[in-house]
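Hi,

Here is the structure I promised to pass on to you. Please have a look at it first, and then read my notes below.

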Amino acid sequence: MSLQNDLTQKVIEAVKQLYQVELPTVEFQPTRKDFEGDITVVVFPMLRQIKGNPVQIGTKIGEYLVENVDEVLKCNVVQGFLNIVITDSYYLNFFNNIFEEANFGYVKSQSNDAVMVEYSSPNTNKPLHLGHIRNNLLGYSVAEILKASGKKVYKTQIINDRGIHICKSMLAWQRFGEGETPESSGLKGDHLVGKYYVAFDKAYKEQIAESVESGTPKEKAEKEAPILLEAQEMLRKWEAGDDEVVALWKKMNGWVYDGFDTTYKNLGVDFDTLYYESDTYLLGRDVVKDGLERGVFFKKEDGSVWIDLTDEGLDEKIVLRSDGTAVYMTQDIGTAIQRVTDYPDINGMVYTVGNEQDYHFKVLFLILKKLGYSWAEQLYHLSYGMVDLPSGKMKSREGTVVDADDLIKNMEDTAESISQELGKLDGYSEEEKKELYRTIGLGALKYYILKVDPKKRILFNPEESVDFQGNTGPFIQYTYARIQSILRKADFDVSTALDMTMDLHEKEKELLKQIQLFPETVQLAAENFSPALIANYTYDLVKEFNSFYQQVSILGETDEQKRNFRIQLSQKVGEVIQSAFRLLGIDVPERM
RNA sequence: GGUCGCGUAGCUCAGCUGGAUAGAGCAUCUGCCUUCUAAGCAGACGGUCGAAGGUUCGAAUCCUUCCGCGAUCACCA
C-alpha cells in the first residue's frame, strides 16, 4: 500500500476522532522546497465539514499523525498546509523493496484486452519527412508506454499504396526515368520515387502554364492537362487490374518499402502488423449497406449514402458515393472492423494522425458507436500539431521539406562534432564511436520532439537545430553514462545489506522520492497518451541526480555502508533512466 | 461564418482533474575542473500566465465574452 493511501486513512481516522466528521477524501501535494517536509496535506477543503481555524485543525491532525503513524517523524503547519516529514527508514525500506525489482515501474501484462496503435501510415509516392518523424516517435512511444502500463499492444500502420498520387510517380518514371532503379542511381528507393513525383508536378505545371498562355482558363487547364489525364487513365487501368500497370506499381512500391524500412530502422521504430490500402479500400461497403437497413444511415435521391450527425452538433457526412464506391470514411470503417476481426482481443485503438483530421476521427468514432461496436468506446485519436518551418508549411511537391533521412544524418554529424570537441572517447573503436553518435544524435532529436505536448505545433528551425545541453536527450544520456562510469569503477562487492537506521542525506531522500514517482508517472502517461510526461519526469530525476552527484561523494565515501548505498542508489537511478528512455524509444550510452 | 486546438520570461517549453512567493532549459552575466565524466553544478537577471468579466476562502488552471494564430467544414485521401 502506498504511503499516500496509508496517510489518507490515518487523516480520515484523525478527523473522525478529533471532530466526529467523516472526510470523503484528503488532498495531498508534494511539499514545496522552501518548507520542511516531504508531503503536505491541504487543510482548506476540510473547512467545508469542520468549522474552525485551519492552522489549529492542521496542528491537531499533525499531532495525531506523529503519534499514530510510524512513518511520520514530525509535522509543521504553515497557513492551511500541514507539512509532514517522513522518516528516513520509510525511504530506506522502500528502496530495499524495489532494489532487486528488474523492471521497476512497468506493470506486467495482466488484461486480455489488447490495444492496436496505428502510426506512420505514409503515402508511397515520397520519402518520409519531419512530420512523419513526429508521428512515428509519438505512436511508437505511446505504444511502448501502453505496454509498460500493462496493456497488450499491436503496432500497425496502414500504407497508402493506392490512388492517383502513386500513379503520378509511375507515369513520370515511365516518361523520364529511362529505366533508372535504386541500384543504378544509388538513390534510396523512396527518394527515387519521390524524385519522379516532383518531376510529374513540374511537367504538370509546365503544361498548365502553356495552355493558359494559349488562352485556356486556368481552372480548365488544371483539369485537362494531358499528363494528369494520363495519370487518371493509369489509375483506371490499375483498378481494372491491367498487368503492365500493376507490375510497375508493384516494382515502384517495392522500392519505396525498402527505403521506408531503412528509415524505420534508423529511427528505431517497428510494427507488428501492416495493412495496405490496396487491400482495404473496398472494405466497409457491406457494413454501410447493413447500417442502411438498420437505419443508421440514409440514402439520398441520387443514391449516395449519408449519416446525419446534426444531433451531435456535426453535419451530415457522406459514407458511400452515388456510384456505390467507397470514400475515405467508408474505408476507415471497414478497416477498423477488419482489425478486430483479425485480432479478436482488440478492445481499443489509437490512431496517430495529424490534427487536420480531428473532424474525420470524431465522425468515424461516432459512426462506429452508432453501429453498435462495443470497442468503439475505446478509440482514441492521438492528434498532434503540424511541424512547420520558419518559411511556413512543409510541401513535398515544392521541395520545402525536412527529409527524415537527412535530418537523422544531420543529428548524428552534430553529435560527432560535439563529441570530438570534448574528446572523451579514448579507446573507443571507430565502430563504437559511430554507434555512439547515432545514439546521441537520435536521442537529441527524439527527446526534442517528444518532450512537448503533442497538441502543440512545432516550429522547427533547421538552422538552429536541436540543443545538446539543458533539458535535452543528450543531457540525460550523459547522466546515465556518468552513472555507468561509477558502476564500472565500483569493482568491489556492494551487495551489503542496507542499514535501515542510516541517516539519509537530503539529496538521497530527494532522489528516492523521485524514483518513487516513476510507476505512477508511467500510468499517468498511459492514461493521457503522453510521452511528454515521461520526458519531463526523467528530466527531473536526472537534475536531482546531478545535484546529488555534485554535492556528495559516492566512491569517495569512507563509511562503507553509506558508500555502498550510494552506489546502489546510483545504479537504480540509471535503471530508471534507461526504463524511462526505453518508453521514448531512446537508447542510453555506456560512455560519452 | 460554424466547429476544434493553441496563446505562460527575449526564445523553446513545464505547470492546466483549482491551493503556499508561477517553474525549467536556451540566451546574457558570476562563481566551481591536481578529488566519482564541466554535454555538469551553484547563483544572478528575466513574468500584467493574450484581454476583460464571473465562480471560489483561493484561479495560469473552471465558466462567459472578446482578441491573435492554426486546423477543419469535398461524392480528395
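A quick word on terms before I start: a residue is called buried under 20% relative accessible area, exposed over 50%, and partly exposed in between. Please also keep in mind that this is a predicted model.

**Aromatic pairs**

I began with the rings. Searching the whole structure turns up 26 aromatic pairs. One of them joins Tyr-447 and Phe-581, whose ring centres are 6.0 Å apart with 40° between the planes, a tilted arrangement. Tyr-447 belongs to helix α16 (residues 430-450) and Phe-581 to helix α21 (residues 560-584), so this pair ties together parts that lie 134 residues apart in sequence. Tyr-447 counts as buried because its relative accessibility is 1%. Phe-581 is buried too, at a relative accessible area of 0%.

Another tilted pair is made by Phe-545 and Tyr-549, with 6.2 Å from centre to centre and 40° between the planes. Here both residues sit in helix α20 (residues 531-551), 4 residues apart, or about one turn of the helix. An α-helix has 3.6 residues a turn, so residues three or four places apart point the same way.

**Charges over rings**

Lys-300 places its charged end over the ring of Trp-306, 3.8 Å from the ring's centre. Arg-339 lies over the face of Tyr-275, and the distance to the ring centre there is 5.1 Å.

**Helix α21**

Back to the helix that holds Phe-581. How far apart are the end C-alpha atoms of α21? They are separated by 36 Å, which agrees with the 36 Å that its 25 residues should span at 1.5 Å a residue. Most of α21 is covered, with 18 of its 25 residues buried. At its start, Asp-559 extends a side-chain oxygen to within 2.9 Å of the backbone nitrogen of Gln-561. After α21 comes Gly-585, which has a positive phi near 75°.

**Strand β2 and its neighbours**

Strand β2 (residues 39-42) is covered on both faces: Ile-39 and Val-41 are buried on one side, Thr-40 and Val-42 on the other. Strand β1 (residues 28-30) pairs with β2 in the antiparallel sense over 3 bridges, and Pro-30 has Ile-39 of β2 as its bridge partner. β2 also runs antiparallel to strand β4 (residues 81-86), to which it is joined by 4 bridges. In that pairing, Ile-39 stands opposite Ile-84 of β4.

**Thr-335**

Leaving aside residues up to four places away in sequence, Thr-335 touches Ile-158, Thr-280 and Leu-283. Lys-195 is 140 residues from Thr-335 along the chain, and the C-alpha atoms of the two are separated by 31 Å.

Happy to go through any of this with you.

Best wishes

Terms used: Residues are numbered from 1 along each chain as its sequence is written. Chains are lettered from A and ligands numbered from 1 in the order in which they are written. This is a predicted model: local features need pLDDT of at least 70, side-chain atom pairs count only at pLDDT 80 or more; totals for chains, interfaces and linings use all residues. Side-chain values use heavy atoms; hydrogens and water are left out. Buried means under 20% relative accessible area, exposed over 50%, partly exposed in between (1.4 Å probe, protein chains only). Helices (H or I, at least four residues) and strands (E, at least two) are DSSP runs, numbered from the N terminus. Two strands pair if DSSP finds at least two bridges between them. Rings of Phe, Tyr and Trp (its six-membered ring) pair if their centres lie within 6.5 Å; planes under 30 degrees apart count as stacked, over 60 as edge-to-face and the rest as tilted. A charge sits over a ring if NZ of Lys or CZ of Arg is within 6 Å of the ring centre and within 35 degrees of the ring normal. Contact means heavy atoms within 4.5 Å. The expected span of a helix is 1.5 Å times one less than its number of residues. A polar contact is a pair of N or O atoms within 3.5 Å; within protein, one must be able to donate a hydrogen and the other to accept it, and residues adjacent in sequence count only if both atoms are side-chain atoms.
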